[in-house]
Amino acid sequence: MHTGPTAGRPTVTLALTPATRLIRSAEGVGLVATARQGPPPSAASVGIARAAQNTESLTLMEGAIVASDVDRHRRLLDYLAMMAPGTPLRDGFERILRGRTGALVVLGRNKIISQISTGGFALDVVYTPTALRELAKMDGAIIFDWEADRIIRAGVQLMPDASIDTVETGTRHRTADRVSGQSGLPVVSISASMSTIALYLDHRRHLVEHSDQILTRAHQALQTLERYRGRLWEVTTKLSSLEVQDQVTVRDFALVAQRLEMVRRLEEELDTYVVELGTDGRLLTLQLHELRAGIDELRCLLERDYRPMDSSTFGLLGLQHLNTDELLDPLTVARAAGFPYNMHLESHVTTRGFRQMAQINRLPSYLGDRLIEHFGTLQALFGASTNDLQAVEGVGEGRARVIRDGLVRLAESAYTEHLT
């Protein structure tokens, strides 16, 4: 940590490693990346999960953390995973709730926390849920260094800067909000009267809900994701038919891209629920893994099919910045994806054929890439004979017949879809 002047105001830069987590019961906790890459780990993998990522530098000016929304969301997920059901920290919080004593817990320590802390007792003991419960019986805050897994101090009086704005009214919640804003560390306020757990982070209050409440919303989101996924395959099938007939327009691409972004946003919401649910989210993780199968591959192939040869910015990443109204407008979606402004929705576009080649059974992806590179477009591939296909490196007589039969089936499927 270092300080320096910025426009006459002190600036504090904190080196944070948000991915270092206290998760001893890791089954179902923080499995967002795992859900995208493969099935979640088995019960045998339960243990301490501490992930090492690049250290981030967040700048604090008068208590205001300067970071992108993505950084804030990632930090929030890390801390929600730390206190998810099934973790030692959540066990300690729930013990305090059942004891109806309330508590104020600072997760971490730095120079600012040392400066605004007075009184209390220096402990430096290993964290346990029962120890946290017993220490919460005293008045004052608890300083918990979660990276070292030790309770540093208890019964502390925190005296944050009173000029920091806060909308909280209760003494404990107001202190938690200001301490978090001034120090840049997460602070948890446990209310005895309301039986709630609130996490204060980046000048925001996040209510740590009970699993039943989260599961209700998660199941609604899952049902919506199933409907969106079904609609996505409908528009994708139609796009395949149009690609075979070489009749694709910008509108057709935009409709598929639109559905892909809707699905991605629902997946992101469900990822948050998985983290919040902890061990209670095992079944949700399995369902989400099944529903998102093939989505990432479709997104990648769609970009490769329609990316102009001279474009380095074309892609679906630009759709993430659209609001709901903009996402419902196909023209805005097309512009965000990277289509030039001189192209309208009815402008004709030609696919390269990567997605279609991926649908041919037993055809390796590298061989599909060679075929596209050799023939240039999907239409040229449809017109290629068996002998023409054998001119491509790695394609023998038997493989050429398989490819030719696969192309014929794609054409027949497109014709059937057209009649339907």
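1. Secondary structure and overall packing. The protein chain contains 17 helices and 12 strands, and the model is a predicted one. Of its 420 residues, 49% count as buried. Among the contacts in the chain with a separation of 6 or more, 67% come from residues 24 or more positions apart.

2. Packing of α7 and α10. Helix α7, residues 211–244, packs with helix α10, residues 295–306, at an angle of about 30 degrees, and the two axes are 13 Å apart. The two helices are therefore roughly parallel to each other, since angles under 35 degrees count as such. The handedness of the crossing between α7 and α10 is left-handed.

3. Composition of the α7 and α10 contact. On the α7 side, the contact is made by Arg229, Leu232, Trp233, Thr236, Leu239 and Glu243. On the α10 side, Ile295, Leu298, Leu302, Asp305 and Tyr306 meet them. Sorted by class, this contact has 7 nonpolar, 1 polar and 3 charged residues.

4. Packing of α8 and α9. The axes of α8 and helix α9, residues 282–291, come within 9 Å and cross at roughly 155 degrees. That angle makes α8 roughly antiparallel to α9, because the term applies to angles over 145 degrees. As for handedness, the crossing of α8 and α9 is left-handed.

5. Composition of the α8 and α9 contact. Helix α8 contributes Leu270, Asp271, Tyr273, Val274 and Leu277, while α9 contributes Leu284, Thr285 and Leu288. By class, the residues in this contact of α8 with α9 are 6 nonpolar, 1 polar and 1 charged.

6. Aromatic pairs, with Tyr79 and Trp146. With ring centres within 6.5 Å as the criterion, the count comes to 6 aromatic pairs. In one of them, the rings of Tyr79 and Trp146 have centres 5.8 Å apart and planes at 90 degrees, so the pair is edge-to-face. Tyr79 lies in helix α2 (residues 69–82), and Trp146 lies in the loop between β8 (141–145) and β9 (150–158), so the pair ties together parts that are 67 residues apart in sequence. Both Tyr79 and Trp146 are buried.

7. Phe253 and Phe339. The ring centres of Phe253 and Phe339 are 5.2 Å apart and the ring planes stand at 80 degrees, so this pair is edge-to-face. Phe253 belongs to helix α8 (residues 250–277) and Phe339 to the loop between α12 (330–337) and α13 (354–358); the pair thus links distant parts of the chain, 86 residues apart. Phe253 has 0% relative accessibility and counts as buried, and Phe339, at 5%, counts as buried.

8. An aromatic cluster. Phe253, Tyr306, Phe314 and Phe339 are linked into a cluster by ring pairs.

9. Backbone at His203. The phi angle of His203 is near 65 degrees, a positive value in a residue other than glycine. His203 is placed in the loop between β11 (196–201) and β12 (204–208). With 38% relative accessibility, His203 counts as partly exposed.

10. Backbone at Arg362. Arg362 likewise has a positive phi, near 60 degrees, in a residue other than glycine. Its place is in the loop between α13 and α14 (365–375). Arg362 has a relative accessible area of 69% and is exposed.

Terms used. Residues numbered from 1 in each chain as written. Predicted model: local features only at pLDDT ≥ 70, side-chain atom pairs only at ≥ 80, totals over all residues. Heavy atoms only, no water. Axes fitted to C-alpha atoms, helices over the stretch in contact; angles between N-to-C directions. Helix = DSSP H or I, 4+ residues; strand = E, 2+ residues; numbered from the N terminus. Parallel < 35°, antiparallel > 145°, perpendicular 65-115°, else oblique. Left-handed = near helix turned anticlockwise from the far one by under 90°. Contact = heavy atoms within 4.5 Å. Nonpolar A, V, L, I, M, F, W, Y, C, P; charged D, E, K, R; others polar. Phe/Tyr/Trp six-rings, centres within 6.5 Å; stacked < 30°, edge-to-face > 60°. Buried < 20%, exposed > 50% of the residue type's maximum accessible area, 1.4 Å probe, protein only.
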